[in-house]
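Please review the following briefing on a single protein chain.

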Amino acid sequence: SGKVTLPWALYHGERAGIKLHVSYTPHTEMLLQVVETTGLVHDGPISEKLADARFIMVKDRAYLKIKRIDQFVSDQQKFVIRMK
């Protein structure tokens with residue numbers, strides 16, 4: 001169970017979860033930045049740390065506000081939104 005293998009990352013009851021938030025560039029095929037969080041940490045603030053107009057942001061619609069899309073457009077930040 002997650003409780004045994006990842007006691008520091010408890011998520012729901014006996015389950016545990018970690019997330020890796022990654023900034024990647026296809027030009028060098030290398031990771032630029034990796035931020036590890038537990039499953040309970042909200043994605044929004046972490047993704048803000050990885051925002052960079054040189055790269056395409058991939059976002060989940062569930063965690064994206066319309067205001068943020070407007071900001072991406074004005075900052076010329078390329079982005080893709082996963083709708084479902």
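Asp52 is partly exposed, with a relative accessible area of 22%; buried means under 20%, exposed over 50% and partly exposed in between, computed with a 1.4 Å probe on protein chains only. Asp52 forms a salt bridge with Arg54, where a salt bridge is a side-chain nitrogen of Lys or Arg within 4 Å of a carboxyl oxygen of Asp or Glu. This is a predicted model, in which local features need pLDDT of at least 70 and side-chain atom pairs count only at pLDDT 80 or more, while totals for chains, interfaces and linings use all residues. Residues are numbered from 1 along each chain as its sequence is written, and side-chain values use heavy atoms, with hydrogens and water left out.

**Salt bridges**

- The whole structure contains two salt bridges.
- In the pair of Arg54 and Asp52, the closest N and O atoms are 2.6 Å apart.
- Arg54 counts as exposed, because its relative accessibility is 62%.
- The other pair joins Asp43 to Lys19, and the closest N and O atoms are 2.6 Å apart.
- This pair links distant parts of the chain, with Asp43 in helix α2 and Lys19 in strand β3, 24 residues apart.
- Helices (H or I, at least four residues) and strands (E, at least two) are DSSP runs, numbered from the N terminus.
- Lys19 has 22% relative accessibility and therefore counts as partly exposed.

**Nonpolar surface patch**

- Leu20, Val22, Tyr24, Leu31 and Val34 form a nonpolar patch on the surface, and together they have about 470 Å² of accessible area.
- The elements that give two or more residues to this patch are β3 and β4, and the largest share, three residues, comes from β3.
- Patches are made of residues with over 30% relative accessible area and no salt bridge; like charges are joined within 9 Å, and nonpolar side chains (Val, Leu, Ile, Met, Phe, Trp, Tyr) within 5 Å.
- Accessible areas come from the Shrake-Rupley method with a 1.4 Å probe, and for residues only the protein chains shown count as cover.
- Val22 is located in strand β3 and counts as partly exposed at 41% relative accessibility.

**Largest pocket**

- The largest pocket has a volume of about 400 Å³.
- Of its 19 lining residues, Val22, Ser47, Met57, Val58 and Lys59 are the closest to the centre.
- Two or more lining residues come from each of β3 (18-25), α2 (43-50) and β5 (57-60).
- A pocket is an open set of points on a 1 Å grid over the protein atoms alone where a 1.4 Å probe fits, with protein on both sides within 12 Å along at least five of seven lines; lining residues have an atom within 4 Å of a point.
- Grid points are joined across faces, edges and corners, and the volume is the space filled by probe spheres set on them.

**Backbone and loops**

- Most residues other than glycine have a negative phi.
- Glu29, although not a glycine, has a positive phi of about 55 degrees; Glu29 lies in the loop between β3 and β4 (30-38) and is exposed at 62% relative accessibility.
- Gln76, also not a glycine, has a positive phi of about 55 degrees; Gln76 lies in the loop between α3 (66-75) and β6 (79-82) and is exposed, with a relative accessible area of 65%.
- Arg61 is in the loop between β5 and α3 and is partly exposed, with a relative accessible area of 31%.
- Arg61 and Arg82 are 21 residues apart in sequence, and their C-alpha atoms are 5.8 Å apart in space.
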